[in-house]
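We'll go stop by stop.

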Amino acid sequence: KDLKRESTYAANLGIDFELLKSRLSGNLNFYNSNTKDLLVSRTIPTLNGFSSILSNLGAVNNKGIELSLNTVNVQKDNFVWSTNVNLARNVNKITKLYGNKDASGREMDDISNSWFIGKSVGAYYNYKVDGVWQIGDDIPAGFRAGDFKLRDLNGDGKISPDGDRSIIGYNVPKLTYGIGSNLKYKEWSLYIQFSGSAGGMRNNATIYNPASSFTYRVRDKHINWWTPENPSNEFSSMDYQNSYGIAWLQSTSFLRIQDISLSYEFDKALIAPLKMNRLQIYVSAKNPVLFSNWGGWDPETSGSGRGQYPTMKSFTAGINIGL
């Protein structure tokens, strides 16, 4: 009953332009917004009887730039090539949480929820991995050969959550984009649409979340697991228990061919005897190709294991008839 709506105060500046006899046009937008009383799921100690609660708290600043371009690159009697480009860059940071301050007067972070004053929402606060412990190394207590080597940030000779965790990445991409290209030659038309993002990271939980799922990892034959005979410094042994709950961050940057469509439009004089005013044949493919270093099924999907689904591919062919 204490929940209320979020409030956002925003300023926007937009510029529309058209140049070179409409061969180049588009718009450029700048924005800056401040949102307070965010409605979030907040992690709380389980001694309360449950692990999270919906709360209004804090404030977040969002600022960014969006650019849309439309170009006519080539325009001749029988051939036209045009493109459209959309780019978006967003930066957000938490400006306020609960108002609790430390001895120096600085507002305190909420480490349990990975919320940090002055940092972006979606931060990963975890241990930094410096390879894998190998046979013959001076391995500290609590670790064994084949376990991940965690960085001792405070230099006290042991690994602890209080002094050896830091922000190791963010799940918010720095840039999202879309590019479309349309080529028309006489009666033929070819359209290609690209989409993608750059700069984001995500925990690939399907690799290390199921601590006891040895058989699950056996199926991942493409992973260069550590063994005594294969001293990999990239991945741990398959029976690694991940007792420290490390986050295995991988880049979610990607480039996807989202749409390819090829069509042929018959000349109206040719189809007039058939009592038609339009006849078009076409083939198209949706999401046929993905370029990414993400180790899961799809960098755009969320969830883990059996709760994760890749983006669907589809291939179609058809005829459009106008009477």
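Which strand does Gly196 lie in? Select Gly196 and you land in strand S10, where strands are DSSP runs of E, at least two residues long, numbered from the N terminus. Before going on, some housekeeping: this is a predicted model, in which local features need pLDDT of at least 70 and side-chain atom pairs count only at pLDDT 80 or more, while totals for chains, interfaces and linings use all residues. Residues are numbered from 1 along each chain as its sequence is written, and side-chain values use heavy atoms, with hydrogens and water left out.

Back to Gly196: its relative accessible area is 6%, so it counts as buried (buried is under 20%, exposed over 50%, partly exposed in between, with a 1.4 Å probe and protein chains only).

Now colour S10 (188-198) and S13 (254-265). They run antiparallel, joined by 10 bridges; strands pair if DSSP finds at least two bridges between them. Pick Ser197 and look across to Phe254 in S13, which stands opposite.

Step on to S14 (278-292), antiparallel to S13 with 11 bridges between them. Here Tyr282 is the bridge partner of Ser263. Then comes S15, joined to S14 by 9 bridges and again antiparallel; Gln280 faces Asn320 there as its opposite number.

Zoom out. What is the strand order of the open sheet? Its 9 strands go S1-S2-S3-S4-S9-S10-S13-S14-S15, with antiparallel pairing. At the edges are S1 (7-19) and S15 (314-322), each pairing on one side only. From one strand to the next, the twist averages 15° (axes are lines fitted to C-alpha atoms, and angles run from 0 to 180 degrees between N-to-C directions).

Next, the nonpolar cores: sets of buried Ala, Val, Leu, Ile, Met, Phe, Trp, Tyr and Cys residues joined through side-chain atoms within 4.5 Å. Select Phe148, Leu150, Ile207 and Phe235, which touch the most other members of the largest core, a set of 15 residues. Another core, of 8 residues, lies apart from it and includes Leu57, Leu97, Trp115 and Ile117.

Last stop: Ile65, in strand S3 (52-75). With a relative accessible area of 30%, Ile65 is partly exposed.

How values were computed: Helix = DSSP H or I, 4+ residues; strand = E, 2+ residues; numbered from the N terminus.
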